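This briefing covers one protein model, from its overall shape down to selected residues. The sequence and structure come first, followed by the notes.

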Amino acid sequence: AAHCSFPPSISTLIAREQMRRLRGFSLAEVLVSLGILVTLGLIGMPWFSALMQSYRLNAATLQVASDLRYAQSLAVSNGGYYRFHWGNDALVNQSNSYRVEKSTTGTSWPVASATMASDPNVINSWMNIGTSYPGMTLTAIKDANIITLYWVVFNSRGSYNDPSPITLSISSTTGTTRTIQVRRTGSVKVL
């Protein structure tokens, strides 16, 4: 008995072609693709890290400028004196931190250990720049004579009681620094 075979049908040929196309990637192809992705990631990592530091520095600078303007607006709207208090002085010992405080006389201020719950003149809690923006440091508040200050006081007119502008510096771990200037009129400007 002779065995007779028929040629494959068109549908069988189409099914074989589809199976050949769907077989996937070889191990070598996957490893080469993975190697390329890892290489691109390693090349881009320093750039991405620097970009993140730049974004954090800008955000920290804008946060401090915003809180300075907040203290000024409270002084104008509520009357009295409000200050942006840098916690780096020896009496406070809250390095890299600041808060906004209120005084009716301009000479009597909340003690460093006071909280919003214990003293109504504490407007907000100590804000640590490095905690909110990793790698950032509030490095200095200085007047035109390069004398270190620990606060900026705004009066009910919104102005600062010093004839010379004050600068606040915020630095990143990469050494980049942004500066905020407070003028006698009370204007707060990011330089």
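Where is Ile 146 found? Ile 146 sits in the loop between strand S4 (136-142) and strand S5 (151-154). The model is a predicted one: local features need pLDDT of at least 70, side-chain atom pairs count only at pLDDT 80 or more, and totals for chains, interfaces and linings use all residues. Residues are numbered from 1 along each chain as its sequence is written, and side-chain values use heavy atoms, with hydrogens and water left out.

**Overall fold and shape**

- The protein has three helices and eight strands; helices (H or I, at least four residues) and strands (E, at least two) are DSSP runs, numbered from the N terminus.
- Along the sequence these elements follow the order α-α-β-β-β-α-β-β-β-β-β.
- The protein is more spread out than a compact globule, because its radius of gyration is 31 Å, well over the 16 Å that the globule rule gives for 191 residues. The radius of gyration is taken over C-alpha atoms, and the globule rule is 2.2 Å times the number of residues to the power 0.38.
- The C-alpha trace spans about 120 × 35 × 30 Å along the principal axes of the protein.

**Burial, contacts, surface and charge**

- Of the 191 residues, 33% count as buried. Buried means under 20% relative accessible area, exposed means over 50%, and partly exposed lies in between (1.4 Å probe, protein chains only).
- Among contacts with a separation of 6 or more, 55% come from residues 24 or more positions apart; contact means heavy atoms within 4.5 Å.
- The accessible surface of the protein comes to about 11,800 Å², and 61% of it belongs to carbon and sulfur atoms. Accessible areas come from the Shrake-Rupley method with a 1.4 Å probe; for residues, only the protein chains shown count as cover.
- There are 15 positive and 8 negative side chains, and the centres of the two sets lie 8 Å apart. Lys and Arg count as positive and Asp and Glu as negative, while His and the chain ends are not counted. The place of a charge is taken as NZ of Lys, CZ of Arg, CG of Asp or CD of Glu.

**Strand S2**

- Ser 97 belongs to strand S2 (residues 97-103) and is buried, with a relative accessible area of 2%.
- Not counting residues up to four places away in sequence, Ser 97 touches His 85, Trp 86, Gly 87, Trp 126, Met 127 and Asn 128. Ser 97 and Thr 131 are 34 residues apart in sequence, and their C-alpha atoms are 9.4 Å apart in space.
- Arg 99 is also placed in strand S2 and counts as buried at 0% relative accessibility.
- The side chain of Arg 99 makes a polar contact with the side chain of Glu 101 (2.6 Å). A polar contact is a pair of N or O atoms within 3.5 Å; within protein, one must be able to donate a hydrogen and the other to accept it, and residues adjacent in sequence count only if both atoms are side-chain atoms.
- A polar atom of the Arg 99 side chain also lies 2.8 Å from the backbone oxygen of Ala 114.
- Leaving aside neighbours within four places in sequence, the residues in contact with Arg 99 include Arg 83, Phe 84, Pro 110, Val 122 and Trp 126.
- Ser 103 has its place in strand S2 and is buried, with a relative accessible area of 1%.
- A polar atom of the Ser 103 side chain lies 2.8 Å from the backbone nitrogen of Gly 106. Beyond four places in sequence, Ser 103 touches Gly 80, Tyr 81, Ser 108 and Trp 109.

**Loop residues**

- Ile 146 is exposed, with a relative accessible area of 59%. Its phi is near 65 degrees, a positive value in a residue other than glycine.
- Leu 149 lies in the loop between S4 and S5 and counts as buried at 17% relative accessibility.
- Leu 149 and Asp 89 are 60 residues apart in sequence and 8.6 Å apart in space, C-alpha to C-alpha. Not counting residues up to four places away in sequence, Leu 149 touches residues including Trp 86, Ile 141, Tyr 160 and Ile 166.
- Asn 93 is found in the loop between strand S1 (81-86) and S2, and counts as exposed at 64% relative accessibility. Phi of Asn 93 is near 60 degrees, a positive value in a residue other than glycine.

**Before helix H1**

- Pro 8 is in the segment before helix H1 (10-21) and counts as partly exposed at 42% relative accessibility.
- Leaving aside neighbours within four places in sequence, Pro 8 is in contact with Leu 13 and Arg 16.
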